[in-house]
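Welcome! Please take a moment to look over the sequence and the model before reading on.

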Amino acid sequence: MMKLRQQENIDTSVFGNRTVQSMLDTDLYVLNMMAATMHQCADFAEEGEFEFICRSDVDLRPYATEIRDELAKLDTLALTPDQMGYLQKRTPWLKQDFLEYLRLFRFNNKFLHVDASGEQLKIRAKGPVFNNIPFEMPVLSTVSEVYNRNVNGHIQHEDLRKSVMQKIDYLKMRIAQDPEGMRGFKFADFGTRRRFSFESQRLLVEYMSQLLPNHFVGTSNVHLAKEYKVSPIGTMAHLWQMLWQQSGVSVENSVLASLEAWIKEFRGDLGYALTDTLTFDHFLSKFDKYFGNLYTGLRHDSGCPYEFGEKAIAKYEELGIDPKTKVLIFSDGLDLEKAIDIYYHFKDRIMVSFGIGTFLTNNIDGVDPISIVMKLVRVNGQPVAKLSDEPKKALCREEYFLNYVKRAVGVAV
């Protein structure tokens with residue numbers, strides 16, 4: 001087992017000389033969706049527009065120049081032979097032609113526009129869909145780290161370590177209270193997008209993987225999964241299902257088409273379906289026994305997690321599928337306490353796992369994390385929408401299209 005590095009032998013800087021460390025310093029689902037888009041969407045997904053959104057009441061415009069300078073460094077990144085070998089070994093579902101493309105891929109900042117002239121910082125990626133999907137994670141992690149450099153520069157390395165150890169101590173306490181009952185509690189780090197800094201996420205993965213190996217199952221960050229020899233975790237994001245709203249199929253059937261294409265691409269791997277793009281109720285109306293058997297499980301990302309789980313169990317029972325053979329992944333605004341409560345609620349009825357983000361990588365005393373996202377807003381010049389099961393998470397640039405989508409899937413306008 002790898003030993004934790006001794007405090008005196010490590011670089012104790014909280015912020016590095018760059019916000020994004022390598023081509024693999026991104027979430028696994030980004031690579032998955034790039035591969036699926038390359039093979040399954042080439043006949044309709046040409047140009048895409050991605051938009052950065054800050055949900056917090058924070059003015060990010062003063063940091064625009066620093067953010068722009070950091071994002072310019074992306075153009076220097078390239079997949080190394082060692083990273084290529086890692087992907088060939090650890091992600092066998094990614095076909096060789098895609099990996100060869102990734103080896104040649106370079107970020108191109110001509111597609112990325114950072115604008116501070118309005119009332120809030122605007123960041124937009126516009127150009128070939130396939131080439132711009134990778135901007136999501138580095139834009140988000142860069143904005144978060146640059147913001148923290150400027151606002152939370154007083155944070156020391158010991159503050160990061162203390163934050164991680166508090167979580168480890170809490171979980172060890174819960175395990176000690178019920179060793180047998182907690183045996184099945186599993187969680188992964190989903191914190192790349194809103195991490196305090198790269199170092200905060202690196203430290204989290206290092207400590208969790210060594211001190212809680214029976215419960216910490218991996219990280220969404222491919223770079224850190226490689227470095228610490230844990231599983232890279234992730235399947236799809238809303239982008240994948242939103243693309244299909246402009247694929248030529250009806251909006252009502254766009255989620256169904258996206259699920260079908262995902263199966264065609266990955267042939268049984270990555271079998272967890274995101275459920276709330278056009279609301280969970282609509283998803284369930286299309287989720288028949290075919291999908292129920294082929295998909296390993298479902299991912300919750302908005303709305304009440306308990307209602308979601310109960311509906312999922314009822315759907316599997318309706319389809320004649322034993323819920324105990326399926327997995328629910330919860331990933332919406334979790335901390336360890338909430339995740340454990342959900343775990344006990346569904347324990348012995350259906351398998352559950354948890355993807356925990358901001359609470360793991362940006363939950364430091366005295367720090368107020370900013371809520372940021374970067375979402376697909378147009379395909380080939382036409383709008384796309386995410387409804388979600390939480391009204392404040394709904395996303396669409398054009399109100400007429402949002403209302404059209406709502407009517408198509410039976411949501412009140």
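This is a predicted model: local features need pLDDT of at least 70, side-chain atom pairs count only at pLDDT 80 or more; totals for chains, interfaces and linings use all residues.

Residues are numbered from 1 along each chain as its sequence is written, and side-chain values use heavy atoms, with hydrogens and water left out.

**Helix H15 and its partners**

Let us begin with helix H15, residues 336-346. Helices here are DSSP runs of H or I with at least four residues, strands are E runs with at least two, and both are numbered from the N terminus. The axes of H15 and helix H14 (residues 305-318) come within 11 Å and cross at roughly 30°. Such axes are lines fitted to C-alpha atoms, for helices over the stretch in contact, and the angles run from 0 to 180 degrees between N-to-C directions. H14 and H15 are therefore roughly parallel to each other; angles under 35 degrees count as roughly parallel, over 145 as roughly antiparallel, 65 to 115 as roughly perpendicular and the rest as oblique. On the H14 side, Pro-305, Tyr-306, Gly-309, Glu-310 and Ile-313 meet Lys-338, Asp-341, Ile-342, His-345 and Phe-346 of H15. Contact means heavy atoms within 4.5 Å. By class, the contact of H14 with H15 has five nonpolar, two polar and three charged residues. Ala, Val, Leu, Ile, Met, Phe, Trp, Tyr, Cys and Pro count as nonpolar, Asp, Glu, Lys and Arg as charged, and the others, Gly among them, as polar.

Helix H7 (residues 157-177) also packs with H15, at an angle of about 25° and with the axes 11 Å apart. That makes H7 roughly parallel to H15. Here Lys-167, Tyr-170, Leu-171 and Arg-174 of H7 make the contact with Leu-336, Glu-337, Ile-340 and Tyr-344 of H15. The contact of H7 with H15 divides into five nonpolar, no polar and three charged residues.

Which residues are buried? The table lists four of them, where buried means under 20% relative accessible area, exposed over 50%, and partly exposed in between (1.4 Å probe, protein chains only).

| Residue | Relative accessible area |
|---|---|
| Lys-286 | 16% |
| Ala-237 | 7% |
| Glu-265 | 2% |
| Cys-41 | 1% |

Lys-286 belongs to helix H12 (residues 280-286). The side chain of Lys-286 makes a polar contact of 3.0 Å with the side chain of Asn-253. A polar contact is a pair of N or O atoms within 3.5 Å; within protein, one must be able to donate a hydrogen and the other to accept it, and residues adjacent in sequence count only if both atoms are side-chain atoms.

Glu-265 is found in helix H11 (residues 254-266). What joins the side chains of Glu-265 and Gln-40? A polar contact of 2.9 Å does.

Ala-237 sits in the loop between strand E6 (231-232) and helix H10 (238-243). Ala-237 and Val-30 are 207 residues apart in sequence, and their C-alpha atoms are 8.1 Å apart in space.

Cys-41 lies in the loop between helix H1 (28-40) and strand E1 (47-54). Leaving aside neighbours within four places in sequence, Cys-41 is in contact with Ala-36, Trp-240, Leu-243 and Trp-244.
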